[in-house]
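Please look at the sequence and the structure below before reading on.

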Amino acid sequence: MLVLGIETSCDETSIALVEDNGSILAEGVASQGETHAPYAGVVPELASRQHLSHLGPLLERALQDAGLRLGDIGLVAVTKGPGLAGCLIAGVSFAKGLAYGLGVPILGVNHLEAHLCCCCLAGKVEYPAVALLVSGGHTLLVRVRGVGRYELLGETRDDAVGEAYDKVASMFGLPFPGGPAIEDAARGCGPCGAAARLPRPLIGSGDWSFSFSGLKTAVLYRLKKREGVPFREGEVSALAREFQNAVVEVVVKKTIDATERVGARCVMLAGGVAQNEALRSELKKNADARGMRLLCAPKRYCTDNGVMVAMLAARKFADGERDDWSLDIDPGLRLA
Ligand code: KG4
Ligand code: ZN
């Protein structure tokens, strides 16, 4: 059966055509980076409008690429939440109209669960596992007992990791989205001196909650102290690197602790920030040292995409899940 996956929860319009055996036949993404860049953040109204204009052409192109027709679609899958309300409405309305017109079933999925589903592309998940989900809107540590069986271990009390990257990048005058920009800036820089050290928030809290707004403010104060004094070569890189080191150290320590404490052997890493090479390699080093298996979502499927929506829906549909026409958005939908 051919599954169409539709993702419009934030600023990426993405669709994919995936067979229920997992083969990816076509995918398309329309990113809105340029639209939101001047605002250093996603403007919900602009994002919703762009989804509406991109969905039709993306679907047409995907069908063409795969040599398929609308009538070949057997299930329409769409992100129902969490996300920006207007953006979710654009995707769910499009999905409903299409499924109704084609006379095929529809299934709404949880965006966070879909992110986790991409870890399956890296290998078979052994349950129980512990998942670290880090994106622009979420920072979660979750015990995973199986598909659909999640238990929240900890989450951020304030900013999500990706949000902190974006805000710090904007303070540095780096482009949006800030994650890749900070990672690039940090890459060229050697170890920082002790003077540049930033806090590692909640690293010794003994639980699995996170907090990144204080770290962001610490960077802001560092910049304020310099008011009027231009940065010397390499100073922005050094601060970017220290910020990244602080984030990575905290999330890796808590993830490994949680995995040990709940007796899991498998660690999953997903979400937009999971593209970060420093995070991937540090988590791998620490997991390897303890004989844990790390499954990172492939980098190209870390950002929001239609493939994750279609893959998850195919599994759930096979287990008998489906929605009726009362399917609605749920902007605050939780994973656990
Ligand atoms: O999952 P995602 O595409 O959208 C949400 O559901 O939020 O995540 C986007 C977030 C942004 O905050 C972006 O700055 C961050 O992921 N990000 C990164 C990297 N690439 C994207 N953060 C750190 N390092 C990266 N290489
Ligand atoms: Zn996402």
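A donor is an N, O or S atom within 2.8 Å of the metal. The model described here is predicted. The briefing begins with the metal site, continues with a pair of helices, and then turns to individual residues and peptide bonds.

**The zinc site**

- Three residues supply the protein donors of the zinc ion (ligand 2): His111 through NE2, His115 through NE2 and Asp304 through OD.
- These donors lie 2.0 to 2.2 Å from the zinc ion.
- Along the chain, the donors of the zinc ion follow the spacing H-x3-H-x188-D.
- Both His111 and His115 belong to helix 4, which covers residues 111-117.
- The two histidines, His111 and His115, are four residues apart, which is about one turn of the helix.
- His111 and His115 are both buried.

- Gly271 is located in the loop that runs between strand 9 (266-270) and helix 9 (277-289).
- Is Gly271 buried or exposed? Its relative accessible area is 1%, so Gly271 is buried, since buried means under 20% relative accessible area.
- When residues up to four places away in sequence are left aside, Gly271 touches His115, Leu133, Val134, Ser135 and Cys302.
- One of these contacts, His115, is also a donor of the zinc ion.
- Between Gly271 and Val125 there are 17 Å from C-alpha to C-alpha, and the two are 146 residues apart in sequence.

**The packing of helix 7 and helix 8**

- Two packed helices are described by the angle between their axes and by the distance between the axes.
- The axes of helix 7 (residues 213-225) and helix 8 (residues 235-261) come within 11 Å and cross at roughly 165°.
- Helix 7 is therefore roughly antiparallel to helix 8, because angles over 145 degrees count as roughly antiparallel.
- The crossing of helix 7 and helix 8 is right-handed.
- Which residues meet in this contact? Leu215, Val219, Arg222 and Leu223 of helix 7 meet Leu239, Phe243, Ala246 and Val247 of helix 8.
- By residue type, the contact of helix 7 with helix 8 has seven nonpolar residues, one charged residue and no polar residue.

**Glu19 in strand 2**

- Glu19 is part of strand 2, which spans residues 12-19.
- The relative accessibility of Glu19 is 25%, so this residue counts as partly exposed.
- Apart from residues up to four places away in sequence, Glu19 touches Met1, Leu2 and Leu25.
- Glu19 and Leu4 are 15 residues apart along the chain, and their C-alpha atoms are separated by 8.8 Å.

**Backbone features in loops**

- The peptide bond from Gly81 to Pro82 is cis, and its omega is near -5°.
- Pro82 is placed in the loop between strand 4 (73-81) and helix 3 (85-102).
- A cis peptide bond also leads from Phe176 to Pro177, with omega near -5°.
- Pro177 is placed in the loop between helix 5 (161-172) and helix 6 (178-187).
- Leu202 has a phi near 60°, which is a positive value in a residue other than glycine.
- Leu202 occupies the loop between helix 6 and helix 7.
- With a relative accessible area of 23%, Leu202 is partly exposed.

Note on methods. Residues are numbered from 1 along each chain as its sequence is written. Chains are lettered from A and ligands numbered from 1 in the order in which they are written. This is a predicted model: local features need pLDDT of at least 70, side-chain atom pairs count only at pLDDT 80 or more; totals for chains, interfaces and linings use all residues. Side-chain values use heavy atoms; hydrogens and water are left out. Donors are N, O and S atoms within 2.8 Å of the metal (3.2 Å for Na, K and Ca); water is not among the atoms, so sites may look incomplete. Buried means under 20% relative accessible area, exposed over 50%, partly exposed in between (1.4 Å probe, protein chains only). Axes are lines fitted to C-alpha atoms, for helices over the stretch in contact, and angles run from 0 to 180 degrees between N-to-C directions. Angles under 35 degrees count as roughly parallel, over 145 as roughly antiparallel, 65 to 115 as roughly perpendicular and the rest as oblique. A crossing is left-handed if the near helix is turned anticlockwise from the far one by less than a right angle, and right-handed if clockwise. Contact means heavy atoms within 4.5 Å. Ala, Val, Leu, Ile, Met, Phe, Trp, Tyr, Cys and Pro count as nonpolar, Asp, Glu, Lys and Arg as charged, and the others, Gly among them, as polar.
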